[in-house]
Amino acid sequence: MIDPGILRTIPIFVDLADSELKELTRVCHIKTFKKDEVVFLEKESAEFFYVVLGGKVKITIQGGDGKEVILSWLTDGDFFGEMALLDEEPRSATVVAAEKVDLLTLRREVFLRILRENPAFMQRIFTVLSNRVRKANHQIESLALLDVYGRVAGVLMDLAMEDGRRLPDGRIRLKLPPHREIANMVGTSRETVSRILAGLAKHGYIENLGGKAVVINESFPKPLKNG
């Protein structure tokens, strides 16, 4: 049984009463997935709501050419799987463990009941959903209006804002995902991403620290729309 105190640290659960949290500990479960293990597949029927307790997952769809397209990464405290529970349609994307990940799971009927009975919980869910729609709109705009250099630069800036660590001198330290995954986010090849990152390093916009770590300098170019 999960500790109610742990649930209290998860943003979407902070407004639940102690009695509700205690009940939640009796009906939720924790599942662990290994790196690259599939949590669920696009077009599968949906039964569970998921919250990331530790680790990271990636949300993907299959492009028209059969290639993987990465929509986003989710980490500690993030949730997913709610959309298919709300509209009773099949899963709209595939979720894969990007590293070893622990997930809290709630069955459909439990999730929907909490949603009906707790307006604050509902508000937090819908706020996150609205933010995701805005992010999706931004991604669509980037794919339509930016060249591949701008799209790679945009992904680096987004990752820096979400996962980067600000250094005392104002620069940002960031652990990059594999070049193939960046390529899948911007609709290009791994080789192109590697070439663009090498160019950014050559011109002093980023510094490679070894492994996947880089530092983004303050001179880093802002993505500009074509034309």
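Contact here means heavy atoms within 4.5 Å. Helices (H or I, at least four residues) and strands (E, at least two) are DSSP runs, numbered from the N terminus. Axes are lines fitted to C-alpha atoms, for helices over the stretch in contact, and angles run from 0 to 180 degrees between N-to-C directions.

This is a predicted model: local features need pLDDT of at least 70, side-chain atom pairs count only at pLDDT 80 or more, and totals for chains, interfaces and linings use all residues. Residues are numbered from 1 along each chain as its sequence is written, and side-chain values use heavy atoms, without hydrogens or water.

H7 lies across E4 and E5. The helix runs at about 105 degrees to E5. H7 is mostly covered, with six of its eight residues buried. Buried means under 20% relative accessible area, exposed over 50%, and partly exposed in between (1.4 Å probe, protein chains only). The buried residues of H7 are Glu-181, Ile-182, Ala-183, Asn-184, Met-185 and Val-186. Just after H7, Gly-187 has a positive phi of about 75 degrees.

H8 packs against H7. Their axes come within 8 Å and cross at roughly 105 degrees. The two helices are therefore roughly perpendicular to each other. The classes are under 35 degrees for roughly parallel, over 145 for roughly antiparallel, 65 to 115 for roughly perpendicular, and oblique for the rest. On the H7 side, His-179, Arg-180, Ile-182 and Ala-183 make the contact. They meet Arg-190, Val-193, Ser-194 and Leu-197 in H8. The residues of this contact divide into four nonpolar, two polar and two charged. Here Ala, Val, Leu, Ile, Met, Phe, Trp, Tyr, Cys and Pro count as nonpolar, Asp, Glu, Lys and Arg as charged, and the others, Gly among them, as polar.

**The sheet**

E4 and E5 belong to an open sheet of four strands, in the order E2-E7-E4-E5. The pairing is antiparallel. Two strands pair if DSSP finds at least two bridges between them. E2 (38-40) and E5 are the edge strands, each pairing on one side only. The twist averages 30 degrees from one strand to the next. E4 (residues 57-62) pairs with E5 over six bridges. Thr-60 has Ile-70 in E5 as its bridge partner.

**Nonpolar cores**

A nonpolar core is a set of buried Ala, Val, Leu, Ile, Met, Phe, Trp, Tyr and Cys residues joined through side-chain atoms within 4.5 Å. The largest has 24 residues. Leu-156, Leu-197, Leu-200, Ile-216 and Phe-220 touch the most other members. At least two residues each come from E5 (68-74), H6 (148-163), E10 (172-175), H7 (179-186), H8 (190-202) and E12 (213-216). H6 gives the largest share, six residues. Leu-156 touches Leu-174, Leu-176, Leu-197, Leu-200, Ile-216 and Phe-220, leaving aside residues up to four places away in sequence. A second, separate core has 23 residues, including Cys-28, Leu-104, Ile-114 and Phe-121.

Lys-43 and Glu-88 both have positive phi without being glycine.
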